[in-house]
Amino acid sequence: MDLLNALVALSNFVIIPAVAYGSQLALGALGVTLIYGILRFSNFAHGDTMAFGAMIAVLVTWWFQSMGIGLGPLPTALLALPFAILGCMALVLITDRMVYRFYREQKAKPVILVIVSMGVMFIMNGLVRFIIGPNDQSFADGERFIISVRDFKAMTGLKEGLAIKTTQGITVVVAVICVALLFWFLNKTRTGKSMRAYSDNEDLALLSGINPERVVMYTWLIVAALATTAGVLYGLDKTFKPFVYFQLLLPIFASAIVGGLGNPLGAIAGGFIIAFSEVTITYAWKKVLGYLMPESLEPSGLVQLLSTDYKFAVSFVILLIVLLFKPTGLFKGKSV
Amino acid sequence: MKKLLLASAATAIMAGAASAEEIKLGIILGFTGPIESLTPSMADGAELAMKEVSESGKLLGGTTVTPVRADSTCVDAAAATAAAERLVTADGVKGIMGADCSGVTGAILSNVALPNGIVMISPSATSPALSTAEDNGLFFRTAPSDARQGVVMTEVLMEEGIKEVALTYTNNDYGKGLADSFQAAFEAAGGTVTISAAHEDGKADYSAEVGALAAAGGERLVVAGYADQGGKGIIRAAIDTGAFDTFHFPDGMISASLEENFGDEIDGSTGQHPGTDSPGVAKFSEMVGDMFDSTSPFTPESYDAAALILLAMQAAGSVEPGDYKAKVMDVANAPGEKIYPGELAKALEILANGGEVDYVGATAVELIGGGESAGNYRQIHVEGGKITTTKYR
């Protein structure tokens, strides 16, 4: 019984939140890594692209809600997601036309593109705040829990409760679907293959007749879809606030780099590594150990490795260690 | 002829009005930032006092007062300092009602008020550190220090029979100061604080913080944060994971958005914020009517802060901060005739005739020590999703 209690407490406070957070990071990191692999620069505007996509989803959700359209127990935002993806695609294509294409034709160095993407980031950041304001917006509706603490306790009779939020469940399911679709696309379709070829060797790809502008366009479309999905899932699970997406940029980049920039599989692994390390290293193990250990050995302190103040430091320490020993990341990405 | 008379009469009035001075008072509050839902009614409160004084026409022979608002942002000391600098140099304000949060208040005090010799009365900065800050007698506050709030919180929790709490605070001067003073008071009274963990504002994800708080355990979670910021995220995560059912809220958490966001999910929670049941409150809310929310935290304090500046000017017979700063304590405390909200005209007249006043105002102001309120608190509990007054202490 104690073992079960320990497991439940651990799942409730560590495993479930970390899996949901990890999925969101992984989707974000996939976008960053695709841009890096194919367009060859670190896109700092990614966090704000997520915010823009999520913002459209929020607006469309409100519109649907006002018309009484809903999905019953599921959040209406899922219905709004396709519209948001389309809106976000339009935004990134316009940005590419107006900004990035100019530098691509100049064959600008990656570092210049990075700085350009920072400029784009500030503009998108301002745009989102201008349209929806800087405040928290709530747009989650439908059933809040798949299983709530009270129901779980009544069902199992355990002392510890377990809650799984609907949004956490949806996050994981949608993330799995997205990743599966992305890998199918990259490995099986003609366009996907030409994208990979372009990423491996640009000149060779051009010689074999791949149209670079098409590859760039498809990359942006996929990135917009991934960014919007990640943004909406994050906003649903936590809260939609423009500034939060800007801050999310750091853990997303950490995930992509730890996994190996340019490597999609690495981005997913990186997302989960960062999410789990942030939560587990700052978790106080007192309760779990209290269940597992005999009474005489029960810890009196909190058994916390690091105070939660250092949550963000954790991802960077991991980033540093990985870069020191495996400069191309865990899954052999391109060297930075 | 008639027209000429009217015209000359009008000119005479204009001339008369022009000869009486027009002064400006700064209102520097966080109109954007973590307590932006509280500040509009605070500013309205302060402006109400200025309007009352201007309309009475009794301040220094008919001087009128114009408020100038500025944004302290509550968290960004550099932005707040720049805003205050603008008030003093560009607008030429004769006193500042503000700032709101403890960190920016300290910054404005040392960077702007001290060098320029401007009087500041804060309605809501509660950090104990401000009691000992160097101020040349220029800084006052109508809110009590958190050293006092820590003691009141302890009393509330002890009376509820709660001996073990987990504590989380927003990582700034306000949160840290309040958490420390509460922990000291609570432990001295025989209680246990199982964990004292900081949280950052403006994040979306608080699962790590709540995980640690839940593991440490406790009968109640004390959240010394902001209702529109991290405090909200912490409570949401704590309720969702079933880590805590009831909470204790200090002043920064008690706002209308708390009811909106959580409703009856936090039933049974307790809290306190500066407030009083002196007749002043009733008079204040009667006077305010529907103009704005007079019960919003720190709104009566803001009225009192502005009123004190103006009464001190009258007592000193000068609008210069260097002259009237010494009079603030005199008008706030006994002896003298008790002054309630809406009676500023009466107070101005008494002072003009050389009498003395004891300003009670909306919050039963009594300045002690280096010029801070002695502190009355309103104890609340959440019942049926509504913030309900338990009693006053």
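Residues are numbered from 1 along each chain as its sequence is written, while chains are lettered from A and ligands numbered from 1 in the order in which they are written. In this predicted model, local features need pLDDT of at least 70 and side-chain atom pairs count only at pLDDT 80 or more, whereas totals for chains, interfaces and linings use all residues.

**Core.** A nonpolar core is a set of buried Ala, Val, Leu, Ile, Met, Phe, Trp, Tyr and Cys residues joined through C-beta atoms within 7 Å. A residue is buried if 20 or more other C-beta atoms lie within 10 Å of its own, exposed if 12 or fewer, and partly exposed in between, with C-beta atoms placed from the backbone. The largest nonpolar core has 221 residues, and B:Ile108, B:Ala306 and B:Tyr359 are among those with the most contacts inside it. Helix H1 (residues 2-39) of chain A gives the most to this core, with 20 residues. Helices (H or I, at least four residues) and strands (E, at least two) are DSSP runs, numbered from the N terminus. Two residues are in contact if their C-beta atoms, placed from the backbone, lie within 7 Å. Leaving aside residues up to four places away in sequence, B:Ala306 touches B:Leu25, B:Ala46, B:Ala49, B:Met50 and B:Met97.

**Chain contact.** Chain A brings 28 residues to the contact and chain B brings 19 residues. On the side of chain A that touches chain B, the largest share, 5 residues, comes from H1(A).

**Sheet.** In chain B, an open sheet of 7 strands with mixed pairing has the order E2-E1-E3-E4-E5-E14-E13. Two strands pair if DSSP finds at least two bridges between them. Strand E2 (64-71) and strand E13 (367-368) of chain B are at the edges with a single partner strand each, so one side of each has no neighbour in the sheet. Strand E1 (residues 22-29) and strand E3 (residues 96-98) of chain B pair in the parallel sense over 3 bridges. B:Met97 in E3(B) is the bridge partner of B:Ile27.

**Backbone sites.** A cis peptide bond joins B:Gly98 and B:Ala99, with omega about -10 degrees. B:Ala99 is in the loop between E3 and H4 of chain B. Another cis peptide bond runs from B:Ala334 to B:Pro335, with omega near 0 degrees.

| Residue | Phi | Other C-beta atoms within 10 Å |
|---|---|---|
| B:Leu60 | about 45 degrees | 18, partly exposed |
| B:Thr73 | near 65 degrees | 23, buried |

B:Leu60 lies in the loop between helix H2 (39-56) and E2 of chain B. B:Thr73 is in the loop between E2 and helix H3 (77-89) of chain B.

**Domains.** Chain B is divided into domain 1 (2-145 + 278-373) and domain 2 (147-276 + 376-392), with bounds that come from an automatic or database domain assignment. Taken over C-alpha atoms, the centres of domain 1 and domain 2 of chain B are 31 Å apart. Their contact takes 23 residues from domain 1 of chain B and 22 residues from domain 2 of chain B. H4(B) gives the most to the side of domain 1 that touches domain 2, with 3 residues.
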